[in-house]
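Grab a pencil and work through these exercises with the model open beside you. Try each task before you read its solution.

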Amino acid sequence: MSLPPDILKARLLNELSVCARYLRRPIALPDGDLRSFPIEIEIELKGVPGLVFTDDGIETRYEHRFNILIGRNYPFEKPMVRWKTPIFHPNIMMPDDGGHLCTKLLDEWSFNSTLLSFIKGIEALLISPNPSSPFGTESCTAAAAYFNHSKIRIPPIVYSPLPKVVKSD
């Protein structure tokens with residue numbers, strides 16, 4: 001099942017506009033007419049803490065990227081998501097392992113789901129991983145063990161304030 005092309009285009013443009021306002025940056029579209037599917041968009045999260053494993057140990061990173069691939073049957077069909085930046089998380093694969101995400105947001109995708117609710121859900125997943133249900137990759141199982149046995153607290157989300165217009169008298 002798919003939406004008529006004009007309705008699908010209007011819905012996607014509206015959803016991407018809402019996402020751009022929320023993320024405070026434009027979302028680049030490879031095809032401005034949204035006529036060629038699948039559509040791949042890159043989402044960049046800034047100010048959201050997520051752990052990474054480095055040579056020096058585990059560190060917090062505040063910038064993350066992932067791609068969303070939207071098919072012609074959107075929103076009846078869930079988008080495909082691939083993580084693009086290093087991550088130490090039980091529910092998000094490293095890019096080299098496939099970059100897949102394990103989240104109810106995708107498992108329970110419906111017509112009423114939106115890209116914005118998905119992005120907000122990913123932010124919540126970064127802050128509150130589910131170590132009881134990791135992927136089977138080495139990095140995900142190591143992250144699950146880390147979260148199950150440590151008392152680490154993820155730092156809060158950091159947002160820079162919006163610029164203000166100041167009137168001069």
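Helices (H or I, at least four residues) and strands (E, at least two) are DSSP runs, numbered from the N terminus. The model is a predicted one: local features need pLDDT of at least 70, side-chain atom pairs count only at pLDDT 80 or more, and totals for chains, interfaces and linings use all residues. Residues are numbered from 1 along each chain as its sequence is written, and side-chain values use heavy atoms, with hydrogens and water left out.

**Exercise 1. Find the salt bridges and describe where the partners sit.**

Step 1: A salt bridge is a side-chain nitrogen of Lys or Arg within 4 Å of a carboxyl oxygen of Asp or Glu.

Step 2: start inside a helix. Glutamate 15 and arginine 11 make a salt bridge at 2.6 Å, N to O. They are four residues apart in helix H1, so about one helical turn separates them. Glutamate 15 and arginine 11 are both buried (buried means under 20% relative accessible area, exposed over 50%, partly exposed in between, with a 1.4 Å probe and protein chains only).

Step 3: take a second look at arginine 11. Its charged end sits over the ring of phenylalanine 111, 5.0 Å from the ring centre. To count, NZ of Lys or CZ of Arg must be within 6 Å of the ring centre and within 35 degrees of the ring normal.

Step 4: now go from strand to strand. Arginine 65 and glutamate 42 form a salt bridge at 3.4 Å, N to O. This one links distant parts of the chain, with arginine 65 in strand S2 and glutamate 42 in strand S1, 23 residues apart. Arginine 65 has 29% relative accessibility, so it counts as partly exposed, and glutamate 42 is partly exposed too, at 41%.

Step 5: finish with aspartate 6 and arginine 35, whose closest N and O atoms are 3.7 Å apart in their salt bridge. Again the link joins distant parts of the chain: aspartate 6 is in helix H1 and arginine 35 is in the loop between H1 and S1, 29 residues apart. Aspartate 6 is exposed at 56%, while arginine 35 is partly exposed at 45%.

**Exercise 2. Check helix H3 for its span and its packing.**

Step 1: count and compare. H3 runs over residues 115-127, which is 13 residues, and reaches 19 Å from its first C-alpha to its last, close to the expected 18 Å. The expected span is 1.5 Å times one less than the number of residues.

Step 2: pick out the buried residues. They include Leu115, Phe118, Ile122, Glu123 and Leu126.

Step 3: see what the buried residues of H3 pack against. Their partners are helix H1 (5-23), strands S1 (39-54), S2 (57-70) and S3 (80-83), and helix H2 (104-107). Contact here means heavy atoms within 4.5 Å.

**Exercise 3. Where are the cis peptide bonds at phenylalanine 37 and tyrosine 74?**

Step 1: phenylalanine 37 is joined to proline 38 by a cis bond, with omega about 5°. Proline 38 is in the loop between H1 and S1.

Step 2: the bond from tyrosine 74 to proline 75 is cis, with omega near 0°. Proline 75 is in the loop between S2 and S3.
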